[in-house]
Amino acid sequence: MRQKTIQLAIPVAIATGFLPAIAGAATIDSWNLSNVIKGPEVTGTATGESVVYDRVLPDASATTNGQIVYTAPEADTPGMTVSNVPFTQSQDNYTGCILATSGTACDGEFQSGKRFKVQATDTGAVDLVFNVTENETDSVYRVFQRLINVTGEALGGFKIELGTDIGGDFKASTDNDGLSFSSTVSMGPDFASSFSQFPFGLFGSLDKPNPNPLQLPGFFDTTSRAGYNVVQSLDSIVSTGFYGSYGTLFGNWLSQEDVPLGLLWDYASGAADPLVMAWDNGSQWEVRRGINNSLDGDNTKITAEDVFALAQDQWGYYDYGDISGVEAFLKGIPLFDDAIEDLANLNLNFAINLGSNFSGSTFTLRTTSIAPIPLPAGLPLLLTGFAALAGLRYRRKQTMVA
C-alpha cells in the first residue's frame, strides 16, 4: 500500500465537521471540505489537486487514497461542485447534478468538461462528503464522475457506496433511509440506470447513445464500447468484470504510468482532446487511422473531419524512430508522442436519490478502487510487456527528441 499520511504541519483546511441533524433533508447544497486540503487556483495549463483524507482535518494520523484533480483552463479549484439547476436528459428530470468546477451546465454539450476527476492514488476508499439542506421534497442528482487509476498498479475494478461519516467511521446507507442510487433513470446503454465506460475516442461505434461530433469511431475498437459491467443495489454499485475488448487488449485496468504511448494530432490547438492516430503496440508504431482530405468537402486543407478508421488490413507499421514516415502516411499532419492516458480513465455514470425522509446534514459518496487480480492464463505476451514498456517509453521518447 502506498497511502499518503498527512504530516503535523498541515495547510489550513475547512474543518466544520459532520454535525448530525434531525430534519427532513432533500437538497444537496455543496461539497463539504472538512476532510479535504483544497487545491490552489490554477492558470495557463497547470493542474491542481484537492486531496481527500479519511479524517476531519487537521489530524496528524489522517491518510489519503485519492484526490480531485483539475486542469486550467477547463476547470479550477476545488475541482468539484454541486449544481441545483433543474434539467431534463433522456426524458429524465433531475434536480441538479454533481460535476466539475468548469463553469459548464449539467446539460452542457458533449465534452464540455462536466466530469469531475477522482484520481485513485492507492487502493482503498475515497470519501466525498456533501452538505444537505432541509427540504420536504424528493430530489435526484446526476453524477458526472471520472475515476483515474494512478495507483501504480493494475486494478481489478471499483465499488461505489452511499452512507455517512468517513474512514473507519463510515456507515453504509440502509433501506428506507432516504438515500439511494436511482433505479428509475435511463442514462446508459439498454436504458441502464448506472454504467461505466472508457472514453469514447478509444472504444465504440457511432451508434447512439454515444454522440461524437467528428463522426469517428474508437481507435482500439470501432464497433463496441468498453468498460466494467456493474451490479447496482439501493446503496452500492459494484463492478463485475469487463465488457468490450479492453480486457483482451490490456488485461486489468492499467495505471496511468503504465499505459502505452500513442502518436497524437492536436487538431484543435488545445481546444479539444488530441486524436490518437497510432500507438506503440509493443514492438513498433501501429497506425489505425487514415486521412482523406476530401471527407469534409474541402480538399484544400486537412481537418479532423478528414480522419477515418482504417480496416485492419490497411493498418500501417513503422519503426519507433520513423515518426516522419507516419506523418507522411497521414498526409503530413504534425504528430507528437504521449501516453494514451484515457486508458487509465474510467467514466462513471449514475444518479443519487435524496428523499424528504433523509435525516442528517451530510452524506458520503464513497468510491473504492479494488486491488489487482491475477491475469488469466493465455493472454497475449503483449500484456506482460507493458510494465517494462512503461519505463522504456520515456527513454525512447528522449532518443526520438535528440
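Colleague: Is strand 13 mostly covered or mostly open, and how many of its residues are buried?

Modeller: First, the terms. Strands are DSSP runs of E, at least two residues long, numbered from the N terminus. Buried means under 20% relative accessible area, with a 1.4 Å probe and protein chains only. Strand 13 covers residues 157–164 and is mostly covered: six of its eight residues are buried.

Colleague: What should I know about the model itself?

Modeller: This is a predicted model, where local features need pLDDT of at least 70, side-chain atom pairs count only at pLDDT 80 or more, and totals for chains, interfaces and linings use all residues. Residues are numbered from 1 along each chain as its sequence is written, and side-chain values use heavy atoms, with hydrogens and water left out.

Colleague: Which strand pairs with strand 13 over seven bridges?

Modeller: Two strands pair if DSSP finds at least two bridges between them. Strand 27 (residues 362–370) pairs with strand 13 over seven bridges, in the antiparallel sense. Look at isoleucine 160: its bridge partner in strand 27 is threonine 367.

Colleague: How many bridges join strand 13 to strand 18, and how many to strand 14?

Modeller: Strand 18 (residues 236–243) is antiparallel to strand 13, with three bridges. There, glutamate 161 has serine 236 as its bridge partner. Strand 14 (residues 171–172) also runs antiparallel to strand 13, joined by two bridges. Glycine 163 stands opposite alanine 172 of strand 14.

Colleague: Which residue takes a positive phi in the hairpin of strand 13 and strand 14?

Modeller: Aspartate 165, with phi near 65 degrees. Six residues lie between the two strands of that hairpin.

Colleague: Which residues touch the most other members of the largest nonpolar core?

Modeller: A nonpolar core is a set of buried Ala, Val, Leu, Ile, Met, Phe, Trp, Tyr and Cys residues joined through side-chain atoms within 4.5 Å. The largest has 55 residues; Leu128, Phe130, Phe203, Phe220, Ile352 and Phe363 touch the most other members. Strand 26 (residues 345–354) gives this core its largest share, five residues. Apart from it lies another core of 22 residues, including Ala278 and Tyr318.

Colleague: Which cysteines form a disulfide?

Modeller: A disulfide is a pair of cysteine sulfur atoms within 2.5 Å. Cysteine 97 and cysteine 106 form one, with sulfur atoms 2.0 Å apart. Both are buried. The torsion about their S-S bond is about -85 degrees, so the disulfide is left-handed.

Conventions. Buried < 20%, exposed > 50% of the residue type's maximum accessible area, 1.4 Å probe, protein only. Helix = DSSP H or I, 4+ residues; strand = E, 2+ residues; numbered from the N terminus.
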